[in-house]
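Trainee: Hi! Could you walk me through this one while I have it open?
Mentor: Happy to, let's take it piece by piece.
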Amino acid sequence: MPEYLVKESGLKEFFQSLANGRHLLTPQGTGDKCKLEEAGPDKVNLDYSNTHMSPKSAFFPQSENLMAFHNKSDKPNPFVYQDLGDKAQPTVIFGIRPCDARGLSISNRVFQNDRFTDPYWKGKYEQTIKIGLACASPSPQCFCAAMGGSPYGELGLDVLAFKVEGGLGLKPVTAQGEELIKQTNAAQEDLAQEIKKQEAKAIEAQGVGTDLKPIDDKDLMELFQDPHWTATAENCLNCGVCTFFCPTCHCFDIQDEQSEQGGIRMRNWDTCMSWLFTVHGTGHNPRPSKTERVRQRFMHKLKYIPLKQDGIRGCTGCGRCVVMCPVNIDIREVALKMCQPPAQSQA
Amino acid sequence: MNNPYLPYPVRIAEIRVETEDKNLRTFKFEFLNPGDEEKFAYLPGQFAELSVPGQGEIPIGIASSPTEKGFVLFTVNRVGQVSSYMHNMKAGDIMGIRGPLGHPYPLEGLKGKNLVIIAGGFAVTTLRSTITWLLEPSNRPNYGQITFIYGARTPGLLLYKEEWMAWEKRDDINVYVTIDREVPNWNYRVGFVPAVTKEVCPPPENTAALICGPPIMIKFTQPVLEDAGYKPDNIIMSLENRMKCGLGICGRCNVGPEYVCKDGPVFTLAQLNRLPKEY
């Protein structure tokens, strides 16, 4: 597909046409206030490192009502849960960073897996056109390239946008994305070489880091039984902030809430750092201490997801957990430990 | 679109107290809406989420067999919020069931083989389903010798007495029921399941074992079977873990990369030997 260009003077009109008949979410605010929000097309912030939270909540809200029932025996179907449906509306998100788009694509294969489709996720995911914004100058916390991604990665996106001198370049990734671009004031322009040049520069600036292939090559049980996990987990507080910010953490709890008239069933984000997450009714817990829980999180990201998703790692290198962790647990250091032969990983 | 979170509404048709401690009750459900029973097409070994409005859901193995029409059976141990609430519900009450979930026992692939079915305590539920299915006249000729070993602590803790007593009278299944310690008027075996298995289990040639029971029983029965020459591919087990969605999405029941709900709960010992013991 050919690339397109929007001149700087036409940006306001471009965002206006994206919003035509759709909700338009764009990066608003700066620093740790930066988030994807609906706002006027003239207020789009194009100079942010990344949004404070990943965009997962646009598809998988932190708390979401799934179904409801009433208990009035004079009305039809008392005590029978009725689907509250998915209220998804046509939406365009502009400004998803490639790491986060990759995260959405990974989560999409969980919510729409080989056996079941989550209708609440699917409705939002499929009604949303995702426009990424490439990272010309990655932040110090970024390591997407080390995890197999790229600051100019396209996975999970419909369109990849990138800044060029005097405007905004657009590279359609899907037919749906190209269709949308054609409805705007963007004009065709050959920018293929420009993207390549920018991408090479951005990856060089980030540094690729160590090759994590040893993790792919090692047997799952070898990684699991490695003695380093006790030391790796030692500082962890099991606070769960890593799972809260992670773009690929998708675990949830289902809870019922009752009122006098009936009740609702909802789902809420959950965390594998919690003891309650896995405890059985009998009191037995397959992951009884933080060592097992910390191991679960890193094994899930770096071994289990790649095994299930054609080698794609469950960490996208966004760096949020590295920045947010109160005790400075760094997934890059854990990954390096996992790469080493058992004798050396204990250090 | 089909919503796999939405339970089928059912009416409790009957509640049977199964054990002398009254902690286990079997619930017989009938579907409220015509057509839902057909949509709930299941096979032995699968489970469902029992869904009580306002209380929550619990994953429970299906105890009835698909050859039994017009109802589904679940035996529920009183443990937590939902199961305790269910123990106070009455025939006629409305609730929901969601499923079927998980994979069944690989009965199709076991055609032509002898089967030894080993159950301990109330984990016998999906094996009740399996045996009922196997003894159906259209299925029985497809399998060789069937041996059923079932143990509980006391006679009063054995489930499905009517069923296993009827099976005992048949000549196409060998039934060995055992309790831990001798009690008066007990006419069956005494001893732990591993010891009985050692004594009566058929030779491993062309034979598969299905095991369901408490961890301690599995721990001591597994070596008995392996010593008898059973290959890990032919030892089939069913796992339990805490679950919520049952669809491989909510993330808590994984054993390594496999979700017990979506990829299990049935695994061969050969599969489990390659996975972390997080269950």
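Mentor: One term before we count anything: helices (H or I, at least four residues) and strands (E, at least two) are DSSP runs, numbered from the N terminus. Also keep in mind that this is a predicted model.

Trainee: Got it. How many helices and strands does chain B have?
Mentor: Chain B has 7 helices and 15 strands. Its radius of gyration is 18 Å, close to the 19 Å that the globule rule gives for 279 residues, so chain B is as compact as a globular protein of that length.

Trainee: And what box do its C-alpha atoms fill?
Mentor: Roughly 50 × 45 × 35 Å, taken along the principal axes. Of the 279 residues in chain B, 51% are buried. If you take the contacts in chain B between residues at least 6 apart in sequence, 70% of them join residues at least 24 apart.

Trainee: Where are the domains in chain B?
Mentor: Domain 1 of chain B spans 8–101 and domain 2 spans 108–238. Their C-alpha centres lie 24 Å apart. Domain 1 of chain B puts 16 residues into the contact between them, and domain 2 of chain B puts in 13.

Trainee: What classes of residue are on the domain 1 side?
Mentor: The side of domain 1 of chain B that touches domain 2 has 5 nonpolar, 8 polar and 3 charged residues.

Trainee: Switching topic: how many residues of chain A are in contact with chain B?
Mentor: 38 residues of chain A, which meet 33 residues of chain B. Several elements of chain A each supply at least two residues to that side, among them strand E4 (63–70), helix H2 (98–111) and helix H10 (290–308).

Trainee: Which element gives the most?
Mentor: E11(A), with 5 residues. By class, the side of chain A that touches chain B comes to 23 nonpolar, 8 polar and 7 charged residues.

Trainee: What sort of sheet is E11(A) part of?
Mentor: An open sheet of 4 strands in chain A, in the order E5-E4-E12-E11, with antiparallel pairing. Strand E5 (82–83) and E11 of chain A stand at the edges with a single partner strand each, so one side of each has no neighbour in the sheet.

Trainee: How many bridges hold E11(A) to its partner, E12(A)?
Mentor: E11(A) and strand E12 (residues 262–269) of chain A pair over 7 bridges, in the antiparallel sense. To find your way around there, look for Asp253(A), which stands opposite Asn268(A) in E12(A).

Trainee: Now E7(A). Is that strand buried or exposed?
Mentor: Buried: 6 of the 6 residues of E7(A) are, so the strand is largely enclosed by the rest of the structure. In a regular strand the side chains alternate between the two faces of the sheet. In E7(A), Thr128(A), Lys130(A) and Gly132(A) point one way, while Ile129(A), Ile131(A) and Leu133(A) point the other way.

Trainee: Which strands does E7(A) pair with?
Mentor: Strand E6 (residues 91–96) of chain A runs parallel to E7(A), joined by 5 bridges. Strand E8 (residues 159–164) of chain A is also parallel to E7(A), with 3 bridges. Phe94(A) has Ile131(A) as its bridge partner in E7(A), and Gly132(A) has Leu160(A) in E8(A).

Trainee: Last one: what do the buried residues of H3(A) pack against?
Mentor: They pack against E4, H2 and strand E7 (128–133) of chain A. The buried residues of helix H3 (residues 119–126) of chain A are Pro119(A), Tyr120(A), Trp121(A), Lys124(A) and Tyr125(A).

Technical notes
Residues are numbered from 1 along each chain as its sequence is written. Chains are lettered from A and ligands numbered from 1 in the order in which they are written. This is a predicted model: local features need pLDDT of at least 70, side-chain atom pairs count only at pLDDT 80 or more; totals for chains, interfaces and linings use all residues. Two residues are in contact if their C-beta atoms, placed from the backbone, lie within 7 Å. Ala, Val, Leu, Ile, Met, Phe, Trp, Tyr, Cys and Pro count as nonpolar, Asp, Glu, Lys and Arg as charged, and the others, Gly among them, as polar. Domain bounds come from an automatic or database domain assignment. A residue is buried if 20 or more other C-beta atoms lie within 10 Å of its own, exposed if 12 or fewer, and partly exposed in between; C-beta atoms are placed from the backbone. Two strands pair if DSSP finds at least two bridges between them. The radius of gyration is taken over C-alpha atoms; the globule rule is 2.2 Å times the number of residues to the power 0.38.
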